[in-house]
Amino acid sequence: MTYLIRLMVAFIPKSALMATIRWAAPTWLPAKRVLWSAGLAWSAVGVLVVSGTGTDVGKTVVAAAIAALALAGGRRVAILKPAQSGVAMDEPGDVDEVARLAGKLTMRELRRYPDPLAPDVAARRAGLPPVRPADATAAVTALDRTHDLV
């Protein structure tokens, strides 16, 4: 079975680009076989934001596919998850899943909240500090200095 996902990919600070990613069953990731219907010039990529509305819409798998492509091309890749919710501190989160699927990369998670809620709500409920835009910006800036793709 082949899935077709339309993904809004935003390059920072460049303007947004609509890319279409096609892939066969999820088992293709370890083999790093990905079919792109839109080209992506790696030299233009520094920071890439993968976003989607809702849970289980494919953000982690898409991030892993992009990371796998970059790693296969010899790029230094970092994955940043500003806020992980709904996962206990001792359980693997989304960054761990990206690394499992894509390969060896730098993983960074800024905050983790136990309740499976929107991060700001989960932070309030847990009595923990929320992730602020300045926190995410600082983390991205630091990772971008030492990686080809964040």
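This is a predicted model: local features need pLDDT of at least 70, side-chain atom pairs count only at pLDDT 80 or more; totals for chains, interfaces and linings use all residues.

User: What pattern does the protein chain follow along the sequence?

Analyst: The order is β-β-β-β-α-β-α-β-α-α, made of four helices and six strands.

User: How do strands β5 and β6 run, and how many bridges join them?

Analyst: Two strands pair if DSSP finds at least two bridges between them. Here β5 (residues 78-85) and β6 (residues 106-113) run parallel, joined by seven bridges. Helix α2 (residues 94-102) carries the chain from β5 to β6 in a right-handed β-α-β crossover. Right-handed means that, with the strands pointing away from the viewer, the path from the first strand over the helix to the second runs clockwise.

User: Which residues of α2 are buried?

Analyst: Buried means under 20% relative accessible area, exposed over 50%, and partly exposed in between (1.4 Å probe, protein chains only). In α2, Val 95, Val 98, Ala 99, Leu 101 and Ala 102 are buried. Their cover includes α1, β5 and β6, with contact meaning heavy atoms within 4.5 Å.

User: Where do charged side chains pair up?

Analyst: Side chains of opposite charge can pair when their charged atoms come close. A salt bridge is a side-chain nitrogen of Lys or Arg within 4 Å of a carboxyl oxygen of Asp or Glu, and that rule gives five of them. One of these joins Glu 97 and Arg 100, at 2.8 Å from N to O. Both sit in α2, three residues apart, about one turn of the helix. Glu 97 is partly exposed at 29% relative accessible area, whereas Arg 100 is exposed at 57%.

User: What does the pair Asp 135 and Arg 111 tie together?

Analyst: Their side chains meet in a salt bridge at 3.4 Å, N to O. Asp 135 lies in helix α4 (residues 133-146) and Arg 111 in strand β6, so the pair links parts 24 residues apart in sequence.

Terms used: Residues are numbered from 1 along each chain as its sequence is written. Side-chain values use heavy atoms; hydrogens and water are left out. Helices (H or I, at least four residues) and strands (E, at least two) are DSSP runs, numbered from the N terminus.
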